[in-house]
Amino acid sequence: MTDHSPGPRRAPGELLRRLRLRHATDPVTHVERVPARAGEPVGWPGWAPAELRAAFARRGVTAPWRHQAEAAELAYAGQHVVVATGTASGKSLAYQLPALSTLLADPRATVLYLAPTKALAADQLRAVAGLELDGVRPATYDGDTPRAEREWIRRHSRFVLTNPDMLHHGILPGHAHWSGFLRRLAYVVVDECHTYRGVFGSHVAHVLRRLRRQCARFGRLPGQALAGSRSNPTFLLASATSGDPATAAGRLTGLPVTAVTEDTSPRGGVTFALWEPPLLPPTGPSPDDDLVQIRRSALRETADLLADSVAEGVRTLAFVRSRRGAEVVAANARRALDEAVPGLGDRVAAYRAGYLREERRELERALLHGDLLGLASTNALELGVDLVGLDAVLICGWPGTRASLWQQAGRAGRSGDEALAVLVARDDPLDTYLVHHPEALFGRPVEATVLDPANPYVLAPQLACAAHESPLTPADLDLFGEGAKEAVDSLVEAGALRQRPTGWYWRHRERPEVDLRGEGGAPVCVVEESTGRLLGTVDGGSAHFLLHTGAVYLHQGVSYVVDSLDLADGCALVHAEEPDWSTHARDVTSLSVVSVRSYVDAGPVGLFLGEVDVTSQVVSYQRRRIATGEVIDTRPLDLPARELRTVAVWFTLSPESLTAAGVEAADVPGALHAAEHAAIGLLPLMATCDRWDIGGLSTALHPDTEAPTVFVYDGHPGGAGFAERAYGTAAAWLRATRDAIAECGCETGCPSCVQSPKCGNGNNPLAKAEAVKVLDVVLANLAMAGYAGGVPSPDADLEPEAGPGGALPRQGDRVARPTPAP
Ligand SMILES: [Zn+2]
Ligand SMILES: [Zn+2]
């Protein structure tokens, strides 16, 4: 007979105590009690129609939370607003309230809702349709919408839900069919707007400007009933919590945006533990005579924690990044449990994306009844399964953003009870930093969503699209912002636009081909060889890294191995296979400075932002065991070199300052290299990016700077905003980098501090202690020069240097010498 009881209910603190007891040295670096919070309901705004209030009441919403009402009031008064509050804080109501009130009050008004995915749009459609409001006729309009329905939607729907891709490919080029809808557009809702970051975000920023342009155009048409009022829709954005959401939303829309950030919704309490797996005893000497020191892998640690919690009778969910990793965790936990009590292992399972609906329901049932106590899953679970009654959540490795962290942690907690969440650090500088700096997780967020609409590689194709939609006028150049005139000139020169007295005209019959999500060269198709099925595409820039022959390629949690990559055809042939290793490409890189945009002169130290040309070539890849991280072998690759013009941040130090700080000349290359790795690893703390978005180069003498230099650059043509953010927050960013290295308990450097998984030089040379000295010199001199960039304070903007145009420091009194010639 199966025991259907879920086991004794343990207080989270008690469970945590028992988990810690099993370790000789305490792996817990911090325990945060996130207290339960009562919600702050307020009255409905006076303008909210009774019909709408009644509809919300039928759904169980009897009053809005204060932050919802505040955002709604601002939007209803015509102010562009971004709501940046936690997961499940009711951001939908904040935009539904003003948008639907307006639709009910004005029978002609329309609303356009944008979601990053079709699934989210479908979700929101259900929510709005469920309110059953007369005359709103909500409808999704995307690639799946049958042709036959499209015209009806354009004519009759007043709440259209779509995505930026459809707006770009379908709605804006076909604006003539949408003139009635756009002329009457009252609100544009941009949901999950933090997902519009980097190059994709920069494209979306211009799609929104194109939308505003068409609205204004139709708003000017004679004979319009609602004189002028609908030509400038109000933007209502929803974002995950982030650093400076108003600036990010402002860049995305090109409009001044007010942020509402205080979350007043209720939540259950969570005991949140930060867990650092112990360092293993050194295993050296390795073949090259270096001591190899690593931490116990986060996967093993998570598997043990899962087994221990299940043995305690606690319902536990473990989030693991890859599907293969989730299976390793489940298998190890099962084995450990079976060793203790034969048969107990059956109460742990791995959850895979792609489960059928019935399978998911069965899983939910088993967990609910306690047949199953432990589950290891990728974050695919967030989408498909509705789990209730979990007591503990284990998060294997920093999930990349605070939003994901809270989304995963939020899975725990039976109906308002206290729950336990544990973040298990991986061997990675950012994970290490976070478990030692809880204030970065639980304090005020600093990671900002960054994008760079002035990127010429984005601006020019977007202006081509705009010109195709309707000729560009000089006034439009202001709308598209910095760099627009130069981009238009380059399009004229290339023969894409023709200048006439009335403006710039698109010269071709066909539409310009621009993919919002494609970055850096033509995308490469990933094709399953045996079936000919197209699995997806990878942008040209990443293909060398991700799709080289022999690469293990993950697609929606399923693992494939690449048989061949044909760059001429833009196609990689793969077969499904789950080897127990992962692959890591290595490249060699050189870099030259093209121009300097801005810099800080700090005596022996210089901090710069500018354009650079990067030449890189993927030359080999390593195979590593998934469970242990052990390197199996390194295999050569034969791929062509690639050129990238992009934006970089770099710092230089005089050799004398290094000598004075006690860094011997022989250690300079290793010190700079180690500082570079850790700086790249920590940048996601300041901007929502990952390692793939950024590259780096360090050298004891660079021909362009004539000094020891560390470069960190955007890995996308024209830049994506990451280097710029790094420059604007350099003091905080480099301080965190310095602390991450100094606080790591290893002796000579490990993956938790200065080693990088994508180092083109096999992590050689690296000088850990000297890297700290290098960063101390940089920080001390920046401070002495009065540069405070990026030191967060409760009442100051993160970028005290920000000029009126954005996050770039002004060329003010801190700049004491002229900009060097390119
Ligand atoms: Zn270390
Ligand atoms: Zn390196």
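View 1. P765 sits in the loop between α25 (730–743) and α26 (768–784). Helix and strand names come from DSSP runs numbered from the N terminus: helices are H or I runs of at least four residues, and strands are E runs of at least two. Please keep in mind that this is a predicted model, in which local features need pLDDT of at least 70, side-chain atom pairs count only at pLDDT 80 or more, and totals for chains, interfaces and linings use all residues. Residues are numbered from 1 along each chain as its sequence is written, chains are lettered from A and ligands numbered from 1 in the order in which they are written, and side-chain values use heavy atoms, with hydrogens and water left out.

**View 2. The protein as a whole.** Stepping back, the protein has 26 helices and 27 strands. Of its 822 residues, 55% count as buried; buried means under 20% relative accessible area, exposed means over 50%, and partly exposed lies in between (1.4 Å probe, protein chains only). A contact means heavy atoms within 4.5 Å. Among contacts with a separation of 6 or more, 72% come from residues 24 or more positions apart.

**View 3. The second largest cavity and its lining.** Rolling a probe the size of a water molecule over the atoms shows where empty space is left. Here a cavity is a set of points, on a 1 Å grid over the protein atoms alone, where a 1.4 Å probe fits but cannot get out; lining residues have an atom within 4 Å of a point. By type, the lining has seven nonpolar residues, four polar and no charged. In this scheme Ala, Val, Leu, Ile, Met, Phe, Trp, Tyr, Cys and Pro are nonpolar, Asp, Glu, Lys and Arg are charged, and the others, Gly among them, are polar.

**View 4. Two backbone spots with positive phi.** E192 is not a glycine, yet has a positive phi of about 50°. E192 lies in the loop between β6 (185–190) and α9 (198–219), and is partly exposed at 31% relative accessibility. D244, also not a glycine, has a positive phi of about 55°; its place is the loop between β7 (234–239) and α10.

**View 5. L255 and its contacts.** L255 belongs to the loop between α10 and β8 (258–260). Is L255 buried or exposed? With 15% relative accessibility, L255 counts as buried. Leaving out residues up to four places away in sequence, L255 touches H80, R212, F235 and G250. L255 and F235 are 20 residues apart along the chain, and their C-alpha atoms are separated by 8.7 Å.

**View 6. Aromatic pairs.** A pair of aromatic rings is described by the distance of the centres and the angle of the planes. Rings of Phe, Tyr and Trp (its six-membered ring) pair if their centres lie within 6.5 Å; planes under 30 degrees apart are stacked, over 60 edge-to-face, and the rest tilted. The whole structure has twelve aromatic pairs. One of them, W47 with Y76, is stacked, at 3.8 Å centre to centre and 5° between the planes. This pair links distant parts of the chain, 29 residues apart: W47 is in the loop between β1 (28–34) and α2 (50–58), and Y76 is in helix α3 (residues 66–76). W178 and F181 have ring centres 5.4 Å apart and planes at 85°, so this pair is edge-to-face. Both lie in helix α8 (residues 175–183), three residues apart, about one turn of the helix, and both are buried.

View 7. E676, in helix α23 (residues 668–682), is buried, with a relative accessible area of 6%. Beyond residues up to four places away in sequence, E676 touches G696, L697, S698, V710 and F711. F711 also forms one aromatic cluster with Y599, F608 and W650.

How values were computed
1 Å grid on protein atoms, 1.4 Å probe; cavity = no way out; pocket = protein on both sides within 12 Å on 5 of 7 lines; lining within 4 Å.
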